[in-house]
Amino acid sequence: MPRRRYQFVAIAAFGVGFALCATPARADRNSVIAETYPQYSVSPPTTNQIVVCHDFGCQGRAVIGVTAGDRQQLAGIMASGRGSAKAERAAVAQAGAWFDRRIARAAGTVNHVARAGMSYTFKPEGQLDCIDTSRNTTTLLLLLDMLHLLRHHSVDAPRARGFLFDGKPPHATAVLLERATGKRWSVDAWTRAYGQKPEIMALDRWLDED
């Protein structure tokens, strides 16, 4: 990876991690939006329109309308998660796979691969780095929240790990906050290829991984 791009990703990841050092036990939607989108000049989602990042570091953007059919589809997927927090996380994973397929044609990401990295540095078109996936997944989670489809979780701002000096490569993920317990969960789509469910795990475990 060229020095300039690598520094960009590292600094961006560090900025995310630093901003979240004092994240409260209950995430506020407005603060999550303020921490997630302005640094990349991306508009936050509404129930009618979203902006999707792609091409590494949100260099590419696609504006996508959210239709009544989309909202109905998401409601149907999330219905299976009403019974418990665990079931809701499973439904979120299903929604993530659907969302990836839904946005791919407009964003040109149908062929995106899992863990896209250095080999795509000089030709990132159609690929997603962790900055793209953490923002896009947060957009989906906020959309679910605004549609009142999350019963057991609220949406937290993306979290980062790996700041070079600690020996880990920079990486970022979207985050869910379990309301009953205050436990945080990573929702990481960067480790998955087109149309696959994002990887969901306890955030503490995610932070310990390389």
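The legends below describe close-up views of a predicted model. Local features need pLDDT of at least 70 and side-chain atom pairs count only at pLDDT 80 or more, while totals for chains, interfaces and linings use all residues. Residues are numbered from 1 along each chain as its sequence is written, and side-chain values use heavy atoms, with hydrogens and water left out.

**View A. The largest nonpolar core and M78.** A nonpolar core is a set of buried Ala, Val, Leu, Ile, Met, Phe, Trp, Tyr and Cys residues joined through side-chain atoms within 4.5 Å. Buried means under 20% relative accessible area, exposed over 50%, and partly exposed in between (1.4 Å probe, protein chains only). The largest such core holds 41 residues, of which L74, M78, V92, L141 and L144 touch the most other members. Leaving aside residues up to four places away in sequence, M78 is in contact with E88, A91, V92, A95, L144, L149 and L150 (contact: heavy atoms within 4.5 Å).

**View B. Strands 3 and 4.** Strands are DSSP runs of E with at least two residues, numbered from the N terminus. Strand 3 spans residues 153–161, and eight of its nine residues are buried. Strand 4 (residues 171–178) pairs with strand 3 in the antiparallel sense over seven bridges; pairing requires that DSSP finds at least two bridges between two strands. S154 has L177 of strand 4 as its bridge partner.

**View C. The disulfide of C53 and C58.** A disulfide is a pair of cysteine sulfur atoms within 2.5 Å, and the count by this rule is one. The S to S distance between C53 and C58 is 1.8 Å. The link is left-handed, with -50° about the S-S bond. Both C53 and C58 are buried.

Methods: Helices (H or I, at least four residues) and strands (E, at least two) are DSSP runs, numbered from the N terminus.
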